[in-house]
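I opened a new notebook page for this protein.

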Amino acid sequence: MHYFVPKRCAESNKIMYHDKATAQRAADQSWREREAELWVYRCEFCGTWHLTHHDPQSSYRSMPSDRQMKPRSRKKGYKPRRR
C-alpha cells in the first residue's frame with residue numbers, strides 16, 4: 001500500500017501547501033474531523049503556506065514598555081558561585 005508523504009519546510013518542519021486555498025481546505029478538514037481550529041499563514045523562510053494553532057491576530061499582544069525592556073531571570077534569588 002502506498003502512503004502519501006507531504007513535503008515539509010526545512011526551517012519549521014511543517015507541511016508545505018502551494019497555495020492559500022489548499023491550506024485553508026486542510027484547516028477546514030481538521031476542524032470537521034478533530035474540531036481543531038487552525039489558521040493559515042505564509043512562511044517567511046520557504047514562501048509556501050503552513051497551518052498553525054496560534055491565532056495570528058492575537059500573537060501581537062501589547063505589553064507595558066517597562067516589561068519589554070527589562071530582562072527577567074527564570075530563577076528567583078539565583079546567584080552564581082564564586083570560585
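My entries follow in that order.

**Entry 1, layout.** I noted that this is a predicted model. I counted 2 helices and 2 strands. Along the sequence I read the pattern α-β-β-α. I then looked up burial: 18% of the 83 residues count as buried. The exposed surface comes to about 8300 Å², with carbon and sulfur atoms supplying 50% of it. I also checked contacts with a separation of 6 or more; 37% of them join residues 24 or more positions apart.

**Entry 2, strands.** In which sense do strand 1 and strand 2 pair? I found them antiparallel, with 4 bridges. Strand 1 covers residues 39-42. One bridge I looked up links Val-40 to Leu-51 in strand 2. The two strands form a hairpin, and 6 residues lie between them. In that turn, Gly-47 has a positive phi of about 85°. I then checked the faces of strand 2. Trp-49 and Leu-51 are buried on one side, and His-50 and Thr-52 are buried on the other.

I looked up the largest pocket and found about 280 Å³ of space. It has 13 lining residues, and the closest to its centre are Ile-15, Tyr-17, Arg-34, Leu-38 and Leu-51. Which element gives the most to this lining? Helix 1 does, with 5 residues. Helix 1 spans 20-34, and strand 2, at 49-52, also supplies at least two lining residues. By class, I listed 5 nonpolar, 4 polar and 4 charged residues in the lining.

Technical notes:
Residues are numbered from 1 along each chain as its sequence is written. This is a predicted model: local features need pLDDT of at least 70, side-chain atom pairs count only at pLDDT 80 or more; totals for chains, interfaces and linings use all residues. Side-chain values use heavy atoms; hydrogens and water are left out. On a 1 Å grid over the protein atoms alone, a cavity is a set of points where a 1.4 Å probe fits but cannot get out, and a pocket is an open set with protein on both sides within 12 Å along at least five of seven lines; lining residues have an atom within 4 Å of a point. Grid points are joined across faces, edges and corners, and a volume is the space filled by probe spheres set on the points. Ala, Val, Leu, Ile, Met, Phe, Trp, Tyr, Cys and Pro count as nonpolar, Asp, Glu, Lys and Arg as charged, and the others, Gly among them, as polar. Buried means under 20% relative accessible area, exposed over 50%, partly exposed in between (1.4 Å probe, protein chains only). Two strands pair if DSSP finds at least two bridges between them. Contact means heavy atoms within 4.5 Å. Accessible areas come from the Shrake-Rupley method with a 1.4 Å probe; for residues, only the protein chains shown count as cover.
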